[in-house]
Amino acid sequence: MWQRKGKRNRESKISVTIILTILVGFSLAFVAALYYFGFLGAFSILGVAYESPKHLAVFVGVYLVLSIFGELFAKAFYYILTKKHKTQTLYEFMIAFSLNFLMNWIAISIVNGLYEPVHLVWYTEIVVTAFIALTEVTLAHEKKKRRRNRGT
């Protein structure tokens, strides 16, 4: 009798783990698809040529992996530079934008330099990077504002 209950408990743990893994996988795939179609739209507007959609997907995938490390570095550096200030100011917004811009530009430049089927001109790198950085900083600012308003 005790074995049966333990077996059922183990099966439920396995099923919960599988369900959570699937949810995390779908979440990551959704974010990757957003970035893929964002790059696809930006590249079509800016006239960037790439060999095939598969090459664009590899470009976006490598960019996302590099940008994760850049994002961690930017967050740590942002915390060090702004931990004295209690409120969201233009200074903090500009620091966040500058750090995100720099990290994203480094990631896009590395991928552009190493992956030849997608070639970006330097000013296209800057435009795409500025758009990504502005979007990330604005969304983070809105999230902080909502959290602050909920607390009062």
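Modeller: A quick definition before we start: a patch is made of residues with over 30% relative accessible area and no salt bridge, and like charges are joined within 9 Å. Keep in mind that this is a predicted model.

Colleague: Thanks! Which residues form the positive surface patch?

Modeller: Lys 143, Lys 144, Arg 146, Arg 147, Arg 148 and Arg 150. What makes them positive is that Lys and Arg count as positive.

Colleague: Take Arg 146. Why is Arg 146 called exposed?

Modeller: Arg 146 has a relative accessible area of 53%, and exposed means over 50%, so Arg 146 is exposed. You will find Arg 146 in helix 4, residues 122-151.

Colleague: And why is Tyr 91 called partly exposed?

Modeller: The relative accessible area of Tyr 91 is 38%. Buried means under 20% and exposed over 50%, with partly exposed in between, so Tyr 91 is partly exposed. Tyr 91 lies in helix 3.

Colleague: Let's look inside, then. Which residues have the most contacts inside the largest nonpolar core?

Modeller: Phe 39, Phe 43, Phe 59, Tyr 63 and Ile 108, in a core of 17 residues. Helix 1 (2-46), helix 2 (53-82), helix 3 (90-114) and helix 4 each supply at least two residues of this core. Helix 2 gives the most to the core, with 5 residues.

How values were computed: Residues numbered from 1 in each chain as written. Predicted model: local features only at pLDDT ≥ 70, side-chain atom pairs only at ≥ 80, totals over all residues. Heavy atoms only, no water. Patch = residues over 30% accessible without salt bridge, like charges linked within 9 Å, V, L, I, M, F, W, Y side chains within 5 Å. Areas by Shrake-Rupley, 256 points an atom, 1.4 Å probe, with all protein chains shown as cover. Salt bridge = Lys/Arg side-chain N within 4 Å of Asp/Glu carboxyl O. Charge placed at Lys NZ, Arg CZ, Asp CG, Glu CD. Helix = DSSP H or I, 4+ residues; strand = E, 2+ residues; numbered from the N terminus. Buried < 20%, exposed > 50% of the residue type's maximum accessible area, 1.4 Å probe, protein only. Core = buried A, V, L, I, M, F, W, Y, C linked by side-chain atoms within 4.5 Å.
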